[in-house]
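Here is a short report on one structure. Take a look at the sequence and the model before reading on.

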Amino acid sequence: MMTTVRLGTFTHPVLLEVARETGALASAGLAVVSTPVTSSPSQFRGLCEGEFDAILTNPDNALAYRFVPDNPLGALLD
């Protein structure tokens, strides 16, 4: 059984493509769908609204959306 993971990212993750091409994803039972995002707010909004299961972003973005109340979404996120 394959588990699908929806990933939001700014750039195409090369290591994801390597894992796909070498069969590592398939052997782990994973199908990863990578969707490009245009901004951090849209990326985090998509994560909060369930559009993405995970996102790839810079650590400072994760900290800002977790600990800075006046981030672009105006809410602290888990």
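## A bridge across the chain

Does Arg 6 count as buried, exposed or partly exposed? This is a predicted model, and in it Arg 6 has a relative accessibility of 33%. Buried means under 20% and exposed means over 50%, so a value in between is called partly exposed. Arg 6 therefore counts as partly exposed.

Arg 6 also forms a salt bridge with Asp 53. Their closest N and O atoms are 2.9 Å apart. This pair links distant parts of the chain, 47 residues apart. Arg 6 sits in strand β1, residues 3-9. Asp 53 lies in the loop between α3 (40-48) and β3 (54-56). Asp 53 is partly exposed as well, with a relative accessible area of 42%.

The structure holds two salt bridges. One of them joins Arg 20 to Glu 17. Here the closest N and O atoms are 2.9 Å apart. Both residues lie in helix α1. They are three residues apart, about one turn of the helix.

Arg 20 is partly exposed, at 34% relative accessible area. Glu 17 is partly exposed too, at 24%.

## A nonpolar patch

Which residues form a nonpolar patch on the surface? They are Val 14, Leu 15 and Val 18. Together they have about 320 Å² of accessible area.

Val 18 belongs to helix α1, which covers residues 14-22. Its relative accessible area is 43%. Patch residues need over 30%, and Val 18 is partly exposed.

Notes:
Residues are numbered from 1 along each chain as its sequence is written. This is a predicted model: local features need pLDDT of at least 70, side-chain atom pairs count only at pLDDT 80 or more; totals for chains, interfaces and linings use all residues. Side-chain values use heavy atoms; hydrogens and water are left out. Patches are made of residues with over 30% relative accessible area and no salt bridge: like charges are joined within 9 Å, nonpolar side chains (Val, Leu, Ile, Met, Phe, Trp, Tyr) within 5 Å. Accessible areas come from the Shrake-Rupley method with a 1.4 Å probe; for residues, only the protein chains shown count as cover. A salt bridge is a side-chain nitrogen of Lys or Arg within 4 Å of a carboxyl oxygen of Asp or Glu. Helices (H or I, at least four residues) and strands (E, at least two) are DSSP runs, numbered from the N terminus. Buried means under 20% relative accessible area, exposed over 50%, partly exposed in between (1.4 Å probe, protein chains only).
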